[in-house]
Amino acid sequence: MIMSVNSYMQAPPGIIPAYDNGWKFEEGYPKLTLFVPNEIVPALNVEVLKSAGAEIIGKTKDSVIVALPVSIVKQLISDSFSGKTVGESILYSVLTESAKESLKDVPLLKVVDAIVANTVKEVGVYTVTFKSPTYFPSILHAIFASITVSSFTVAGGYALAYAKRKEDHAKLGLKYGIYLALISITIQGLVTGHEMGVAVAEWNPEKFAAMEANTPTFIEKIVAFLAYGDSNAKIPEYYKIPDEFKPPLIVHYLYYTKIILAILLGLAALIVSYMLIKNKDFPYAYLIAFPVIAQVISFLGWAVREIGRKPWTIYGIMDVATAHTINPPSAGAAALIAVYLTAILAALIFASYKFLWRG
Amino acid sequence: MVLYFLALVFGLHIVMVNLGIAFSTVIPILKRKGEKENNEIYLRTSKQLMNFYAATYGLAGVFGTAFTVFLLSFYPSFIGLAGHLTFIPFGIAILAIVVHFFAITAYWYSWDKWKSDTHFLIGMILLISVYLIPLGFRAISAFLNLPQGLELTPKPHLDVVAALLNPTFLPLYLKSVTAALAAGFFTISSAYMLKYGKGDKEAIKIVEKFMPLATIAFTIAIVLGIIYAETLNLFVNYKFENAFGFLIAAKAKYDFSWLFIIKLAMFALQTIAIVSYLKIRKAWRFSKYIVAAGPASLIAIFAGEMLNSFSQYPYFVAKLADKEFVSSIPQPIRDYLAERLNLELSNPLATSMGLYTLTLVFLVPLLISAVIFLYILLFGKERSEALD
């Protein structure tokens, strides 16, 4: 369920991406599909809406389905949350003359709430987040990530215990952990990670462009094949994304650090598995680094997912500036909290280490 | 329906965390005392209490999380506003929870494994952190009584120092932690009196130890409760009148004094237990009144928390019932706050019968499994393994 909410934030149902063999920002994409309630429709000046890039794509019994450029959606949400009235917002310019008079002093949030709530009802109150197009690959990727990290943790812990005491049960725990880790990281790399990448390429092309921003040409061909099934397909160009939609470039470096570390960890698991099968000796105590490396890879994966969504908090709906607290802590306070949490993490690791060491 | 859901999970959460406050205080001190005096009974009891606390802390967390999710689902605008304003008190509570959680795991796992002094040091972290958690949360509760520290210019924010000087904060905080200690001491006395009644002769030593502490904490909690009620009378009269209603002949808009009557009835049971203790303290024997005092104290905590929350209905901030106060807030922020702080304006998407049913479908098994879990922990076959 939590992954469904997170997937909704990555790509809400009804999002229409801005990439199709080339960027479509100039045509008003990305666009978000909204179900405008019938009660609100007469207040809207359809011609002005269309000139702003909106498309009317259908009707239901209670609503008119509109694909609205996300730059407009973002502005409406931002204005709503800052307490503006309809008269003070961009919505005012797309109203009919009579609606302008009657709605100008109405809080914009009421109108936006009505449209968003109606959209959720039409898509499905119970299912809206599960209908995110990135949900299925996301949940698979997250589940296998947790199995991978857990099994490397089991392997690391038992490896330390085995190095210390050479007991059979510790070796059995190490074997169980490392074999599972090897299987899991392989599936993660070849299946779930691949599916996640394909989904990102299709539904979050800006993030995909950031991930591959400075990728060498020969690797780009492999990436194009993996993402689109065609090595000649064009990877979306990061540097052509308008600033208002551009994710930070650091995503590229985080992503490739993750990939390289994951490959190395997978190879290490393969080597250790071989040594265990052949019953050969090995400095097993060093494998306590496995849980740490696995956690770092997981952390980097989440960093790519979350930072790569910038400048959006909910892709196509709400930007970070709107979601951000109006009273952020000072840099000093934030640093202090970071030190506090790091100290507790260090204490927890130390306590776990002592506990494992003492048995 | 919305408020019943909130009340149920919040009440259960509060009962569990109140026990947590008492247990986190008792466990490290009792263990240390047991070590110093070479008292096996104290050592065994502290271990039994720690086993129970470590096993049930997650349960308190589950209901606390459920409460947060319910609040977010039913009142997203309130959460949005509260996030902007009460970030620091929330932060204090959250940071304390993090360190408390660490202390629970470290204290439990390192029992009899690490040096006594190191273990005691972790026990002190357990003890101190448990008092920091309600410090943050009760600062928010006090803010919801009276929004002292709320600054509207240049943008809405909280003056934390002014918020901590809220006249309802200190009485509420002290009353809460003292009542938690009283409830915990009564509960321990109750459980060990029950064990004594079932043939564990040594269990009476624990009752002997904790009943005086329960008496003292109970007395102080009542005094602090009266002081807290008086601060409400002075500063948030609407809430005071709703809480005590016809009992004080007040013109309450929503009379929740029936909750106070339940609380009084539970107080009466605890008082009877104290009288019983005073009678038998020189020649100890089984007392059903002391057994009843534990559950009574927990019901009193539940009823008291409901009373404190419901008596400000329909306002998230009780002071908004004061028309003079409301008119002192400039527009348009006045309307903005009034809409977000109205308990009657819940999220229309979260208030359909279908969603209520779905919530119940998930909540009922959770409650049943929690009850079964507690039963097994206290009375099941695993008891000997878990407690010894």
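**Note on a predicted two-chain model**

1. Chain B and chain A together bury about 2100 Å², and 72% of that area lies on carbon and sulfur atoms. Three residues, His84(B), Trp114(B) and Leu349(B), supply 28% of the area that chain B buries against chain A, more than any other three residues. The model is a predicted one, and the values in this note are computed from it.

2. The contact draws 26 residues from chain A and 24 residues from chain B. Charge pairing across it comes to 1 salt bridge. That bridge joins the side chains of Glu339(B) and Lys110(A), at 3.5 Å from N to O. In polar contact across the interface of chain B and chain A are 6 residue pairs, with both residues at pLDDT 80 or more.

3. Which elements of chain B give two or more residues to the side that touches chain A? They are α3 (76–85), α4 (87–109), α13 (333–340) and α14 (353–379). The largest share, 8 residues, comes from α4(B). Sorted by type, the residues on this side of chain B are 14 nonpolar, 6 polar and 4 charged.

4. Over all chains, the structure holds 20 salt bridges. Side chains of opposite charge can pair when their charged atoms come close. In chain A, Arg165(A) forms a salt bridge with Glu167(A), and the closest N and O atoms are 3.5 Å apart. Arg165(A) is partly exposed, at 31% relative accessible area. Glu167(A) is partly exposed as well, with a value of 32%.

5. In chain B, Glu35(B) and Arg32(B) form a salt bridge with their closest N and O atoms 3.9 Å apart. Both belong to helix α1 (residues 2–37) of chain B, and because they are 3 residues apart there, about one helical turn separates them. Is Arg32(B) buried or exposed? It counts as buried, because its relative accessibility is 17% and the cut-off for buried is under 20%. Glu35(B), at 30% relative accessible area, is partly exposed. The pair is also part of a network of salt bridges that links Lys31(B), Arg32(B), Glu35(B) and Asp117(B).

6. Another salt bridge in chain B joins the side chains of Lys319(B) and Asp322(B), at 3.1 Å from N to O. Lys319(B) is buried, with a relative accessible area of 15%, whereas Asp322(B) is partly exposed, at 29%.

7. Helix α9 (residues 237–244) of chain B deserves a separate point. Why is α9(B) described as largely enclosed by the rest of the structure? The reason is that 6 of its 8 residues are buried. These are Tyr238(B), Lys239(B), Phe240(B), Asn242(B), Ala243(B) and Phe244(B). Their cover includes four helices of chain B: α5 (116–145), α8 (203–235), α10 (257–280) and α11 (288–310). After α9(B) comes Gly245(B), with a positive phi near 35 degrees.

8. The domain assignment of chain A gives domain 1 (2–123), domain 2 (135–324) and domain 3 (330–359). Taken over C-alpha atoms, the centres of domain 2 and domain 3 of chain A are separated by 24 Å.

Definitions and conventions: Residues numbered from 1 in each chain as written. Chains lettered and ligands numbered in written order. Predicted model: local features only at pLDDT ≥ 70, side-chain atom pairs only at ≥ 80, totals over all residues. Heavy atoms only, no water. Contact = heavy atoms within 4.5 Å. Buried area = accessible area lost by both parts, 1.4 Å probe. Salt bridge = Lys/Arg side-chain N within 4 Å of Asp/Glu carboxyl O. Polar contact = N/O pair within 3.5 Å; in protein donor to acceptor, adjacent residues only side chain to side chain. Nonpolar A, V, L, I, M, F, W, Y, C, P; charged D, E, K, R; others polar. Buried < 20%, exposed > 50% of the residue type's maximum accessible area, 1.4 Å probe, protein only. Domains from an automatic or database assignment.
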